[in-house]
There are 4 protein chains.
Amino acid sequence: MGREPRAITEPVPSAEDAAQPPHPSTMRALRKTRPEAGAELLDVPVPTPGPGEVLIRVEAASICGTDLHIFNWDPWAAGRLKDLPMTFGHEVAGFVQATGSEVHHLRPGAFVAAEGHVFCGFCRQCRMGRAHTCENLRILGVDFDGGFADYVVLPERNAWEVDRRIPLEVASIHDPFGNAVHTAFVAGGAAEIPTSTVVVLGCGPIGLFAIGIVRASGARQVIAVEPNEFRRNLAKQMGADQVVDPTQEDPVEAVRSATEGHGAEVVLEMSGVATVIDQGTRMLAGGGRMALLGLPPETVSLDLTDQVIFKEARLYGVTGRELFRTWQQMTTLLATGMVDPTPVITHRFPLARFEEAFEAAGSGRAGKVILLPPAS
Amino acid sequence: MGREPRAITEPVPSAEDAAQPPHPSTMRALRKTRPEAGAELLDVPVPTPGPGEVLIRVEAASICGTDLHIFNWDPWAAGRLKDLPMTFGHEVAGFVQATGSEVHHLRPGAFVAAEGHVFCGFCRQCRMGRAHTCENLRILGVDFDGGFADYVVLPERNAWEVDRRIPLEVASIHDPFGNAVHTAFVAGGAAEIPTSTVVVLGCGPIGLFAIGIVRASGARQVIAVEPNEFRRNLAKQMGADQVVDPTQEDPVEAVRSATEGHGAEVVLEMSGVATVIDQGTRMLAGGGRMALLGLPPETVSLDLTDQVIFKEARLYGVTGRELFRTWQQMTTLLATGMVDPTPVITHRFPLARFEEAFEAAGSGRAGKVILLPPAS
Amino acid sequence: MGREPRAITEPVPSAEDAAQPPHPSTMRALRKTRPEAGAELLDVPVPTPGPGEVLIRVEAASICGTDLHIFNWDPWAAGRLKDLPMTFGHEVAGFVQATGSEVHHLRPGAFVAAEGHVFCGFCRQCRMGRAHTCENLRILGVDFDGGFADYVVLPERNAWEVDRRIPLEVASIHDPFGNAVHTAFVAGGAAEIPTSTVVVLGCGPIGLFAIGIVRASGARQVIAVEPNEFRRNLAKQMGADQVVDPTQEDPVEAVRSATEGHGAEVVLEMSGVATVIDQGTRMLAGGGRMALLGLPPETVSLDLTDQVIFKEARLYGVTGRELFRTWQQMTTLLATGMVDPTPVITHRFPLARFEEAFEAAGSGRAGKVILLPPAS
Amino acid sequence: MGREPRAITEPVPSAEDAAQPPHPSTMRALRKTRPEAGAELLDVPVPTPGPGEVLIRVEAASICGTDLHIFNWDPWAAGRLKDLPMTFGHEVAGFVQATGSEVHHLRPGAFVAAEGHVFCGFCRQCRMGRAHTCENLRILGVDFDGGFADYVVLPERNAWEVDRRIPLEVASIHDPFGNAVHTAFVAGGAAEIPTSTVVVLGCGPIGLFAIGIVRASGARQVIAVEPNEFRRNLAKQMGADQVVDPTQEDPVEAVRSATEGHGAEVVLEMSGVATVIDQGTRMLAGGGRMALLGLPPETVSLDLTDQVIFKEARLYGVTGRELFRTWQQMTTLLATGMVDPTPVITHRFPLARFEEAFEAAGSGRAGKVILLPPAS
């Protein structure tokens, strides 16, 4: 627990340099102990990896919207989390500390990031190559102990070996970056992102990453729609050609005007707001495609006849990221410098200052907030 | 006008046998003369084809739902039809009677069916290979004089030369049959219809044709949902494995039960009813695809989060048919006998008995109703 | 070893009925003991499943062309098999007899078929969803002990649980049937098999299965090309519309003549003969697709300019089958009766009569030859 | 003929500014008069556009490899050109001077570039949306009088209206630029160019354009292979990350080494050299795709088993460009500045100095050579 923090913006040294000293028997873990807002940083035993599992020493863990729901114990969290107490957090990067039996590929010292969707490999969805929608999905930090801790246990196959050119804190945002890659490449699959006008609706971290991704993938122009000024500024930094404040300007008109009236070929919906989804259909070009990642909490009313059917538009539901095709694509985008996600990482806190971290994450003036376990 | 009717269930003789006698100077035409319900069968001059146009001697013309709207002069028709009087009808088959200048491919005697979407060829949609969503679309029998008449004029490129193995009355239903082919093949594009469970929602003529088409295309099983008993019986004749009466049975449960709980890979929505569209999303399997052809008159509320996003389902708007890829596919399906559409053709009337024909078409106890112009 | 053989053309009883008696300590295994033609049926210990592995009681095992190479010890086998002695055979169906540790899905009594490609799950190809081209592939009966034996050990995830509607002997041919499904669906992916003319070049068992598969998947017509009369007759039984003897008739001309000169949209190449591959390109339509599964032993000369480039044809290399999307598709095709593969199964022998079985398999007058281990 | 040349690197003024003065009755035309090397610049009557045709005042015309074949009268040209004398040249940009009857979209003064493939619109290929492989294709400057002249006649639908942001000389290279776009986007269709390593084999003008296009479309890295030093330098200017001289270095090894041994996901073959095509297959990654545009004059020997089948590689024949989807994509790439093709335009000559122009074009030290008709 007295470990020195690693510099986290530098490339990570190779495995040979990273021999692992023995780990202590206890660790700190940020745990949800009671069905109410807040969390406690407790000392708990370091878990032992079972067959096919690895123990990861966490170096950076970023806060997801889901973690905020859990921290604040909103109705979704109250309905979803079954067994308290539980350690939460699922956006994790670190080093393999120890391996259980039947681990054949990763060795101690390996630099890894967590794919938090633990899949069975045997259900119909898994067998069809859609493991990210596994019928028996278990989620890190939601269904079992997560990564806001000094150590975390994961199945070996859920620990993605990270390219050493990727800095530690960037490694911890693979999960939302992968959402963005999967969303962008789904919607650009049939036709191509190259030469298309792409609109990103909602500039939370995933939307912001998506801007950088479609920018690097040959979009003709990228238009971001976001009411929060702080985030609009981040959108510009990530490469948006045009940033629309929907409280000041009709985003449908803005997109039409930027496309000679034709509309956008690709819309990436990241807001989960019903009226915004409706607007998304209205800004689609004939033959356009909208990928839906944001989760609207209520039903959504759409003008299917004029905005979808007569236009022959396509709406694609998107969740998670492909296991592990999206990770391979992320490696390329992040390790070669095609996309620089660092402007989105706006705050860093040691794990002990988790309350400040969650406050920042919920403030509307943050991109990605990262917890750095060692710097206690 | 004294012509003998052709036998219409027989293969059509070759062009050599079909030399064209001179046509009269006047003809009968079913015209909408006043903005009210009904229509008049009038004597009018036979039109003259201009450059790039052909004059077609109509042998069979089938009644579309659109024609029923026009006949009944419902609000849609009142809002859509600009200039009366006008001859209506757009599902037409017959023989080329005469050609204008600049016609280089069709000769008198050619056996043709009408593609009623007249496209410009120069707008962005046309240039992108999407002429069926042309920005300057003009529709036969809606924007200019149609085919419930002895003769009709069309651009040469809108007159599809029909395979002589296809009988005359079948030739007249290319338009709705093409809607069905386009809908089925759009939804089966990404993955394949072969091995998929396909649900057809709504068994009007287009839904009925779709049943035959996916049946011939290797669907694992075809489930048809339709409240009208007459149509459910036609659905069975067209090859549905299971027919669901939604007034008696929950169609979502019926589909789940027929698929071991997984849901259907492909749903073809032909009803245009908002609640049915919602049900369609609920019966989709993970990764499933729903093609939307029916036109809901109002907005539609959908549970996007659970029924589209978490499932990674896809919704495809579909309109018209591809020009002319769908026609080539239709030729294969109809000329080789892969699909027999004749059970759907339930009524035939001479043009003079048009009132009975429209009554039958609107009765709920009809499939396709065909007008046979010559038999006066 | 004194077990009664099961009736193998009947549906398989459910798992509840299949409680497993203890197995003996030794078993028979057909082993390649020396680098020369032939094989020996020996008594060896029944292997013990390790972590993540299952022990399968073999009920039916079919002979593949690869097994014939091994039996005859041709140059390919001599260069490929490293460590003798080894039990060979990889097309296997049976029941789970026992499970190792870390087996969480299959229980004793489960009815399974072997996917013989053991993949690592961690290499780039596996991570991209292409486990069947894993960079660390190990093949059952080639790289480790196979299934011409009373029992065989496999990783749990390589034991596909078979639908109980599929008879035992059909279960043993999943491997080559899967090659055929994968080949057919690859070539039909971009456009569709429905409405296409499909040519199958070479009617060994995989080609014969492919005929049934494309027949069930909505092909307009299926043309089979095969010099061997016995196989041409099987091609007809599997549903080929036209069967061409290339020693009597030019297959390129035959295809052109059956397609009004346009050529075939889809060609499935199963022969591995250089001149036949060249012919395959010549019979392709503009925009046509040829899937290559047969393995030519030498380089192949092609007229790329006229037969591929100007036609915009596409050539798709195909190997193995998708893990496990193809298996899901097979389950549909076989369990619902869409394809009946039994005409291809021409011979059945007890394991003890393996010499007759290999003679039949190599005779040119056999389809699939199946070994039935218990009937000793 | 005494017209002032336009500045050709500036944006083109709008149609309103470009009112057309009457044209003279005769013009200069570069004609092939005899079946031997060379050509003559002759005075001939200005042609008159027929129905559906436009007369274009040529402002820039670039020299294609085909024109070099014609100029040098090599065996291909001798076998292909039927009727002499004929004006050649097909890469043309200019302004509509006059219109025939039945021209409804273009007006005099319109800024246009020529699509030289005149298609029938009625054959099976055209009807399937593949007009660029029309069965009745007629080529500008090969089958009828071309554009190395002051004026040229084209069907209206073959005159693409050019975005005014595109300079005149760039407008004249739409044809080869479109080959490059079509080749790049075909090979990137199934998977995506974004994140892929792309190899361009052969850096003539089309290969050079392709480098810029995949660079702008999100390729991870672009590797160009070309023996000619002058062209290798242009490849760098167009954005190649790595340029390989195959006379000094094994290009297969170079690609493997740049891809951690995996090979390239996408190879664009522009050389038409048999040994280079074979190398192309050897540098493909598992699941990789090679687009073939270069036309090998003889058959090509390939190791299909190891380089295509076991890798599940795909070979795509490519010719021409899609009518007119590719043109729309070009407009985006060129008008928005995504790709700057001007480094490839290395020489400009007035039409009268055509002999120097052809010498430059054939010298191996040129990219694109452009003839500027007015500057006489």
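1. Leaving aside neighbours within four places in sequence, Val181(B) is in contact with Ile213(B), Thr326(B), Gln329(B), Met330(B) and Leu333(B). The model is a predicted one. Val181(B) belongs to helix H5 of chain B, which covers residues 174–187. Its relative accessible area is 0%, so Val181(B) counts as buried, the cut-off being under 20%.

2. The interface of chain A and chain B takes 37 residues from chain A and 37 residues from chain B. About 3,200 Å² is buried between these chains, with carbon and sulfur atoms contributing 54%. On the side of chain A, Arg124(A), Ile309(A) and Glu312(A) supply 20% of the area buried against chain B, more than any other three residues.

3. Polar terms between chain A and chain B come to four salt bridges and 22 residue pairs in polar contact, both residues at pLDDT 80 or more. One salt bridge joins the side chains of Arg124(A) and Glu265(B), at 3.0 Å from N to O. Elements of chain A that each supply at least two residues to this side include helix H3 (124–127), helix H5 (174–187) and strand E15 (284–292). By class, the side of chain A that touches chain B has 16 nonpolar, 13 polar and eight charged residues.

4. For chain B and chain D, the contact takes 16 residues from each of the two chains. The buried area is about 1,700 Å², and 61% of it comes from carbon and sulfur atoms. In chain B, Phe122(B), Arg127(B) and Gln328(B) lose the most area to chain D, together 40% of what that side buries.

5. Between chain B and chain D the salt-bridge count is zero, while six residue pairs are in polar contact, both at pLDDT 80 or more. Helix H3 (124–127), strand E10 (159–161) and helix H11 (325–335) of chain B each supply at least two residues of the side that touches chain D. That side of chain B has eight nonpolar, two polar and six charged residues.

6. Chain C holds an open sheet of three strands in the order E2-E1-E4, with antiparallel pairing. Its edge strands, each pairing on one side only, are E2 (40–45) and E4 (86–87). Strand E1 (residues 26–32) of chain C pairs with E2(C) over six bridges, and Arg28(C) stands opposite Asp43(C).

Terms used
Residues numbered from 1 in each chain as written. Chains lettered and ligands numbered in written order. Predicted model: local features only at pLDDT ≥ 70, side-chain atom pairs only at ≥ 80, totals over all residues. Heavy atoms only, no water. Contact = heavy atoms within 4.5 Å. Buried area = accessible area lost by both parts, 1.4 Å probe. Polar contact = N/O pair within 3.5 Å; in protein donor to acceptor, adjacent residues only side chain to side chain. Helix = DSSP H or I, 4+ residues; strand = E, 2+ residues; numbered from the N terminus. Nonpolar A, V, L, I, M, F, W, Y, C, P; charged D, E, K, R; others polar. Pairing = 2+ DSSP bridges. Buried < 20%, exposed > 50% of the residue type's maximum accessible area, 1.4 Å probe, protein only.
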